[in-house]
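Subject: Structure handover

Hello,

Here is the structure we spoke about, with my notes below it. Please look through it alongside the text.

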Amino acid sequence: MPEKNIVLIGAGYAGVHAAKKLAKKYKRDQDVKITLIDRHSYHTMMTELHEVAGGRVEPTAIQYDLRRLFNRTKVNLVTDNVTNVDHDKKVVTTEHGSYPYDYLVLGMGGEPNDFGTPGVKENGFTLWSWEDSVRLRKHIEEIVTKASREQDVEKRKAMLRFVVCGSGFTGIEMVGELLEWKDRLAKDNKIDKDEIELIVVEAAPTILNMLERRDADKAEKYMVKKGIKILKSAAIVEVKPESIVLKSGEELPTHTLIWTAGVRANSDTKDYGMESARAGRLKVNQYMEAEKYDNTYVIGDLAYFEEEEGKPTPQIVEAAEQTGMTAAKSIIAEISGGDKTPFQGKYHGVMVSIGAKYGVANLSGMHLSGWFAIFMKHMVNLYYFFGIRSGYYMWQYIMHEFFHIKDRRNIFRGWTSRYGNVIWSLPLRVYLGWFWIDEALAKIYGEGTWDKVSLTNLKPMFQGLGPDSWLTATTSKMPFDWLQAAATSGASQAAGDAAGDAAQNVTTPILSHMWGWFEWIMKLVMPNQDVAVFMQKVVPFIELAIGLALVAGLFTWLASVGSMGFLVMFTLSAMLGWDKFWALPASFAMLNGAGRTFGLDYWVVPWFQKHLGNFWYGKPRAVYRDSDRK
């Protein structure tokens, strides 16, 4: 097969999904080259821009480096601005190079639509990029600080009045973040939080018109209850430096107008000579192929395909992902043969958050509000990372959203957030480590007999394996002394006086017998005498390693997981007494990064994160030029 060059422009939701699909299909095919061009070296989680602009998470929390997404794939990354697409010569030209293609995928997304309203570009703030969110966040912090020192009452009110134009997803989620952020802004600037005024301005007579009225009404009721003013049927006709003018003629003083009223296609495509439709979106057929041009595909917010007459694909994440997958499948059919799959939008619902703790959602007819709606939003976001096969960023999302949040601004009201020193867990870490060292040394150097009595609890596992004389044949250093003691405690009468004496020094085991399903597992792990004896000899040394690691604070997280694993196994084997059960919650507590304080993890973990992370995910760069890579 002759070499095929696939060039994708735009690393948004659609572009990333399409590139992932193509890279997986042609992973081992050296004749297929895949190049992804974007003006940034990162992918932005657009649905979370409001969290950055509203001060909930740090800017880097929604920035996903393309190297970490595409390392160990055949996708070549190029950081550059596309200046021209020559459909006749089939060449994409950028500011610093040119890239021939056999198949072209356009996924540059959209941009804010101000509908020609005077003053929006000069005096307003948009929220459609990572840069927009950082710029708006900085402005809000600065204007509140400036207002706190302003002596003129009316000017101070104008500076502390924040107006959001548009009641779609972006606008409502933005005002929701401001609602929760104003407490911190007021506290840091020593002003009354009630001085900060939040207003939503909507040209239509209703808000959240993408939702059913029952859900939209719940959201509106919540916002009004929290003090957010909602002006409906109030179109903005001009944005001035320190005020906005409504269609009614009313002028509303404000230094912050956040424009979220509409989206149009990326204006860069105007010079591409392609057929466009409403809001500049490019016309495509059911396979996401552009009209007039062969082997050119358009995906995401940029694509205009009417699923029903007069009803184009919605500009939402699910549609972007699905159009990207459709285009990728169409290209695969072209290269590898087979039938193309027409686009069929399958949308599972819509949801909107109003801050970190309240939201409304309609998921396949299931109406949710409050905590459950926000929980489902997190699940959808985590599923997105699963879809693009990025466990790294799934973990980062969990840490940002659940554990590194300040001011209780997460779904769990801050209960899971941690910004404290873990030095207080140092004594427990050392004590737990010594517990395992003591247990291991006792088994390695202590004498015992592994006989029928000591293995009463384990004997049923080996029934049917043949003569059980081996149960009494082993007389050696006893690694399972507490196994022997726990078993003896449950069989003291049958074992006679000698076994009864041993049981006197043991507390009651947590479980009186091994559960059937766990017995089955243990039979798989120890199917015969040789394996059982091997485990008998190895386990104490693993326990010793866990103990030493905990005391030294080395790989504490892994050691704690191992500690929990052993304790759970011993519990289910009916070998763990209540006197040692404390070690299980103690092991769980050590997952808090306890080795970073007076432990080797202070140096070792950052070193591994840096070097192994770069080895596996690649080293992030501000600019990628993979086209030069051999």
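Two strands are taken to pair if DSSP finds at least two bridges between them. Please keep in mind that this is a predicted model.

I began with the strand β1. β1 and β2 run parallel and are joined by six bridges. Within this pairing, I6 is opposite I34 of β2. As for solvent, β1 covers residues 4-9 and is mostly covered, with five of its six residues buried.

The relative accessible area of D31 is 31%, so D31 counts as partly exposed, a class that lies between under 20% for buried and over 50% for exposed.

Next, a helix pair. How are α10 and α11 packed, in angle and axis distance? Helix α10 (residues 371-387) packs against helix α11 (residues 391-403) at an angle of about 155°, and the axes are 9 Å apart. The two helices are therefore roughly antiparallel, since angles over 145 degrees are put in that class. The crossing of α10 and α11 is right-handed. On the α10 side the contact is made by H378, N381, L382, F385 and F386. On the α11 side the contributors are Y393, M394, Y397, I398, E401 and F402.

Last, two backbone points to check. S364 has a positive phi, near 50°, and is not a glycine. S364 is in the loop between β26 (359-363) and β27 (366-369). With a relative accessible area of 61%, S364 is exposed, because the cut-off for exposed is over 50%. R408 is also a residue other than glycine with a positive phi, in this case near 60°. R408 is found in the loop between α11 and α12 (426-445). Its relative accessible area is 60%, so R408 is exposed.

Regards

Notes:
Residues numbered from 1 in each chain as written. Predicted model: local features only at pLDDT ≥ 70, side-chain atom pairs only at ≥ 80, totals over all residues. Heavy atoms only, no water. Buried < 20%, exposed > 50% of the residue type's maximum accessible area, 1.4 Å probe, protein only. Helix = DSSP H or I, 4+ residues; strand = E, 2+ residues; numbered from the N terminus. Axes fitted to C-alpha atoms, helices over the stretch in contact; angles between N-to-C directions. Parallel < 35°, antiparallel > 145°, perpendicular 65-115°, else oblique. Left-handed = near helix turned anticlockwise from the far one by under 90°. Contact = heavy atoms within 4.5 Å.
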